[in-house]
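Please open the model in a viewer and keep the selection panel at hand. The tour starts at the ligand and then moves to the pockets and cavities.

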Amino acid sequence: MYDAKSMKAEEFISDEEVRAALAYADENKDNLELVDALLDKAELLKGLTHREASVLLACEDPERIERMFALAEKIKKDFYGNRIVMFAPLYLSNYCVNGCVYCPYHAKNKHIARKKLTQEEIRQEVIALQDMGHKRLAIESGEDPVNNPIDYILESIKTIYSIQHKNGAIRRVNVNIAATTVENYRKLKEAGIGTYILFQETYHKESYEKLHPTGPKHDYAYHTEAMDRAMEGGIDDVGLGVLFGLELYRYEFAALLMHAEHLEAVHGVGPHTISVPRIKHADDIDPSAFDNSISDDIFAKICALIRICVPYTGMIISTRESKAVRERVIRLGVSQISGASRTSVGGYAEEEPEEECSEQFDVSDKRTLDEVVHWLMDMGYIPSFCTACYREGRTGDRFMSLCKSGQIQNCCHPNALMTLKEYLMDYASEETRAIGEKLIEAELNNIPREKTREICADHLKKIEEGIRDFRF
Ligand code: SAM
C-alpha cells in the first residue's frame, strides 16, 4: 500500500507504513549500534528516511541525543552559515467557512471580530511593515469562497508588490491559503508568489477528520494532495508543516518526512521549507484541551532531527515561540524566523482595540523587529532580508541542486550582508546599527573569494551612499 510515487494521499501517507515505521523505531531505539550507524550516515548530509529518522526520534540515550544536537548544529552551520532570513505574516481576512477545532477563525465562533482588509488597508499595513524594514511577507487568510475568493488574494498580492514607500519594497510574497485547484495555483504562480505554504495540521486521517468536522478542509485527501496540485500548477517552492499538539508527535514526524519523500520522488524536488508550529491560546481556544502537547525538549529534538533528515529544506519558526525557545532551536537548524508579527487582520498600521480582537493566536515573542535583529546579531547571526534566489529564478530543483552542491553559500553570504546593510541604513536604531556595522565588517573578511569580497565591499559602500538599486 505504501508508494511514495503514488499521487493518492492514503498511499504516500500510508497509515500502515507510519505504524510500521514507529514499530521499527520501538524495536530499535535501544540498538545503539544502529543508532550510531544512522548518525554516521546522517553525517554524509544525504538525509535519512522516515524509518531511520523515527529510530533517532525514539532513541532516549542521552549521549546519542547530544550527538543529534551537535550534528544538527554542524549541518546548520555548513549549509546555512550564520544567516537567518526574516519575514512577517500579513493577515488579509479571518472570514472562514471551516470548522477547525483548534482555530478561532472557525465558522461557529461568533465573538471574534471578523475583518477583511480593503486594498487601501493593505496599503497601510504594507507601508507599516516596510517602515519596520520587512522585505518578505507571508500572506494568511481564512477559507471563504465568498469573502476571500482567489481574485481577492490575487488583487492583494498585486497591491503588495506595487507599493514603493521610501526605500522600501516587498520583494517576496509567500502565500498561506487553503488548499485549492491547479488552476488557482497557476494563477498564484503568475502573480509572482514565492513559496506556497500549507500546514497539514495532522497527517493522521481519522484525527484530521475529527479536527476538521465541517467545511471544505474536512476532505483529507484534497488537503494532503494540495502540494501536488500546487506543483502541477507550476509552483516549485512549497512549504510543509504540522501543528504539533493535535496528534502523537512521532506519528506526525514520520508522516511529515514521508510527505517530503513523496514530493522528491514525484516532482524531483522536496519541500522548500518545513514549519513547526505548536498550538497556542486564542480566542475560544484553550491549548490544554489538546492532550498531545510536546515539551520544549521534544520540540528541540524534532527541530534537530528535521535538520539532520532533510538538510536541504529550510526550517521556519514563528513568534508562537518565546525568545528562549527560539534561541534554542535557531542553533539547531532554523533558517527563517518571523519578527514583530501581528496575527490580527490589520494591526501593523494601527493597534487593534481589545474589543475588536481578530487575532488568530497569541504570540509569545512580542519584540520589535529592531529588537529581534539586535538579538540575532548579539548571538553572532546575520539577519538577512535577501530574496535574490527567488528573484533570479533560483527556485525548486535549481535551488535544491545549488544547495546540494554547497554553492548557495557563495551568493547567500554577501547578499545577506548587503541586505542587512540596507536595513541598518534605512530602519535600525543607532545601537543596532553600531553592532551591525561591526558584524558586517568582520563577516566581510570571512568571504573566502577575493573577487566576491571586493564586489561586496563596493556594493556596501554604494548602499551607504544611498544607492538602492541592487536586486536582492
Ligand atoms: N486557512 C488556511 C488553511 O486552511 O490552511 C490558512 C491557514 S491559517 C491562516 C495558518 C495556520 O495557523 C494554520 O494552518 C494552523 O496550523 C495555524 N493555527 C490555527 N490555529 C492555531 C492556534 N490556535 N495556535 C497556533 N497555530 C494555529
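A polar contact is a pair of N or O atoms within 3.5 Å; within protein, one must be able to donate a hydrogen and the other to accept it, and residues adjacent in sequence count only if both atoms are side-chain atoms. The model is predicted, so local features need pLDDT of at least 70 and side-chain atom pairs count only at pLDDT 80 or more, while totals for chains, interfaces and linings use all residues. Residues are numbered from 1 along each chain as its sequence is written, and side-chain values use heavy atoms, with hydrogens and water left out.

**Stop 1: the ligand**

Select the ligand and Arg 320: an N or O atom in the side chain of Arg 320 is 3.1 Å from a nitrogen atom of the ligand. Next, show the backbone of Tyr 102, where a polar atom is 2.9 Å from a ligand nitrogen. At Lys 280, a backbone N or O atom likewise lies 2.9 Å from a nitrogen atom of the ligand. Taken alone, the ligand exposes 570 Å², of which the protein buries 97% (accessible areas by the Shrake-Rupley method with a 1.4 Å probe; for residues, only the protein chains shown count as cover).

**Stop 2: the largest pocket**

The ligand sits in the largest pocket (more than half of its atoms lie within 2 Å of the grid points). A pocket is an open set of points on a 1 Å grid over the protein atoms alone, with protein on both sides within 12 Å along at least five of seven lines; a cavity is a set where a 1.4 Å probe fits but cannot get out, and lining residues have an atom within 4 Å of a point. The volume of the largest pocket is about 840 Å³. Among its 50 lining residues, Glu 140, Asn 176, Phe 199, Arg 320 and Gln 360 are the closest to its centre. The lining divides into 26 nonpolar, 15 polar and nine charged residues.

**Stop 3: the second largest pocket**

Move to the second largest pocket, with a volume of about 550 Å³. Of its 25 lining residues, select Ser 341, Arg 342, Glu 351, Glu 359 and Val 363, the closest to its centre.

**Stop 4: the second largest cavity**

Finally, select Leu 198, Phe 199, Gln 200, His 223, Met 227, Leu 240 and His 259, which line the second largest cavity.

Technical notes:
Grid points are joined across faces, edges and corners, and a volume is the space filled by probe spheres set on the points. Ala, Val, Leu, Ile, Met, Phe, Trp, Tyr, Cys and Pro count as nonpolar, Asp, Glu, Lys and Arg as charged, and the others, Gly among them, as polar.
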